[in-house]
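Hello,

Here is the structure I promised to pass on.

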Amino acid sequence: MQSRNSRLNSAALRGAVDLAAVKAAGEAAQKAEQARADRARQAAAGGDTAPAPYRLVLDVTEDTFEAEVVQRSAEVPVVVDFWAEWCGPCKQLSPILERLAEEYAGRIVLAKIDVDANQLIAQQFGIQGIPAVMAVVAGQLVPLFQGAENEANVRKILDQLIAVAEQRFGITGLPAGAAGGEAAAQAPRVPSDPALEAAHDALDRGDLGGAVRAYQNVLSDQPGNTEAKLGLAQAQLLQRVEGMDPQQVRAAAAAGPKDVEAQLQAADLDLVGGHVEDAFGRLVDTVGRTAGEDRDAARVRLLELFEVIGPEDPRVVAARSALARVLF
């Protein structure tokens, strides 16, 4: 389990696509349920074993990032506020975030990171300007916004984050200061699906052909299984890039803007490398400059890459709008 957590952490800090994310949704829901159950047992025991109140605003450093952000994100969405003492807009935004963290009463936790004191984290997240606000849910990085925002807009963004965390990962957070209580004890346990676990294991082992077949088997019985769809899209992506020569692919794409196959391959490499917007933009442009079967091939590949990232991701939402504009 330690190696998986490390992989999730490093991928999130690079801002890259986490190709182990297919396992995160199911595991995160189970971890969140387990954490709630543990808190309920501690509350029932009482006395010295009762847990400390649930802190809603945290000052996080490089030393505490793993525990306070990555591990905590298995139980509650963690909003990360990158700030500095000299930053005027930060002084406007941070009080809004802190006030809303208290108001949301445990549905989110706010992690405050001073970029001057924690330059490594800021570099790993690719922070180029502050204030910058991101979130971590089940070890997965979710970009939110950069620059100052008014309270109404921040509230809308947090509402969307909370909905995504619950719908995709089963993460609902905890009431502020609560130890779990009766509601936690009654939280439904996420059942294990042996077929889905076998597909996940094949993906972890690098058996991409086996993973594709296993996910397809799950979808043949459960066509609406979102986790299996995500896993299949990721396994197929890894299959496509396996054995590619990145330099040759990128050179071919640069030399042939209308060479659809070259653009498809370059987009796959972009996504695996964490350049999500570049991958989407490349395919949207390809759709716009082609017609017929070529246009359809680019459109279909773009939809496949949407599956890898997840439909709720803001980058997917923006790319869908861009695709609609070039199609219609």
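Below are my notes on the sheet, the aromatic rings and one of the helices.

First, the ground rules. This is a predicted model, in which local features need pLDDT of at least 70 and side-chain atom pairs count only at pLDDT 80 or more, while totals for chains, interfaces and linings use all residues. Residues are numbered from 1 along each chain as its sequence is written, and side-chain values use heavy atoms, with hydrogens and water left out.

The sheet

Helices (H or I, at least four residues) and strands (E, at least two) are DSSP runs, numbered from the N terminus. Five strands make up an open sheet with mixed pairing, in the order 1-3-2-4-5; two strands pair if DSSP finds at least two bridges between them. At the edges are strand 1 (57-59) and strand 5 (140-146), each of which pairs on one side only. On average, neighbouring strands of this sheet are turned by 25 degrees against each other, direction ignored. Axes here are lines fitted to C-alpha atoms, for helices over the stretch in contact, and angles run from 0 to 180 degrees between N-to-C directions.

Strand 2 (residues 78-83) and strand 4 (residues 132-137) run antiparallel and are joined by five bridges. Within that pairing, Val78 stands opposite Val136, and Phe82 has Ala132 as its bridge partner. On the other pairing, strand 4 and strand 5 are antiparallel over six bridges, with Val137 opposite Gln140. These two strands form a hairpin with two residues between them, and Ala138 in the turn has a positive phi of about 55 degrees.

Strand 4 is mostly covered, with six of its six residues buried. Buried means under 20% relative accessible area, exposed over 50%, and partly exposed in between (1.4 Å probe, protein chains only). Ala132, Met134 and Val136 point one way from the strand, Val133, Ala135 and Val137 the other way.

The aromatic rings

There are three aromatic pairs in the structure. Rings of Phe, Tyr and Trp (its six-membered ring) pair if their centres lie within 6.5 Å; planes under 30 degrees apart count as stacked, over 60 as edge-to-face and the rest as tilted. Phe65 and Phe125 form an edge-to-face pair, 5.8 Å centre to centre with 75 degrees between the planes. That pair links distant parts of the chain, since Phe65 sits in helix 3 (residues 65-71) and Phe125 in helix 5 (residues 119-125), 60 residues apart. Phe65 counts as buried because its relative accessibility is 4%, and Phe125 likewise counts as buried at 6%. Ring pairs also bring in Phe82, giving a cluster of Phe65, Phe82 and Phe125.

Helix 10

Helix 10 (residues 226-241) has 16 residues and spans 23 Å from first C-alpha to last, close to the 22 Å expected at 1.5 Å a residue; the expected span is 1.5 Å times one less than the number of residues. Its N-terminal end is capped by Asn225, a side-chain oxygen of which lies 3.1 Å from the backbone nitrogen of Glu227. After the helix comes Gly243, with a positive phi near 85 degrees.

Arg240 lies in this helix and is partly exposed, with a relative accessible area of 24%. Not counting residues up to four places away in sequence, Arg240 touches Asp268, Arg301, Glu304 and Leu305, where contact means heavy atoms within 4.5 Å.

Best wishes

Methods. A polar contact is a pair of N or O atoms within 3.5 Å; within protein, one must be able to donate a hydrogen and the other to accept it, and residues adjacent in sequence count only if both atoms are side-chain atoms.
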